[in-house]
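Visitor: Hello! Could you walk me through this protein, please?

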Amino acid sequence: MTRYQTIATLFAFATTAIAFQTSPGLAFSSEAQQMCSGDAMRLCSSEIPDIPRIRACMVRNKANVSPGCRAVMDREAAAAAATRKREAAAQ
C-alpha cells in the first residue's frame, strides 16, 4: 500500500469515526466531510488520525482551504456559536 493510500485510508477511518461522535464540538457534517476531505489531506495529512489536531490544523489553514470548504467551516462555526449561546442562556 502506498503512503497516499495509507493516508487516505486513515483519513476515511477518522472521518467515519467523527460521524459517530456525539459531541457537537467534534462532529463534522457529511457536507463538511465531502467539501473538506481534499483540503484536510492536502494541508493536514501529518495530523491524521488525531481528530482534534486535524480540526486545529484546518482552522489554522482556513485561508488556504477551498472556497466550498471555507463556506462549510463558516456555517458550522456559526451554528456551533449559536448553540453555545442558547445553552448559556438556558442556564
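This is a predicted model: local features need pLDDT of at least 70, side-chain atom pairs count only at pLDDT 80 or more; totals for chains, interfaces and linings use all residues.

Visitor: Which residues of α2 are buried?

Guide: Residues are numbered from 1 along each chain as its sequence is written, and side-chain values use heavy atoms, leaving out hydrogens and water. Buried means under 20% relative accessible area, exposed over 50% and partly exposed in between, with a 1.4 Å probe and protein chains only. By that rule, the buried residues of α2 are Ala32, Cys36, Asp39, Ala40, Met41 and Cys44.

Visitor: Where does helix α2 bend?

Guide: Helix α2 covers residues 30-44 and bends by about 55 degrees. The bend at a residue is the angle between axes fitted to the seven residues ending there and the seven starting there. For this helix, that residue is Cys36.

Visitor: What is the relative accessible area of Ala40?

Guide: Ala40 sits in helix α2, and its C-alpha atom is separated by 8.9 Å from that of Arg55, 15 residues apart along the chain. Ala40 counts as buried because its relative accessible area is 4%.

Visitor: How many helices does the protein chain have?

Guide: Helices (H or I, at least four residues) and strands (E, at least two) are DSSP runs, numbered from the N terminus. From that end, the elements run α-α-α-α. The protein chain has zero strands, and its helices come to four.
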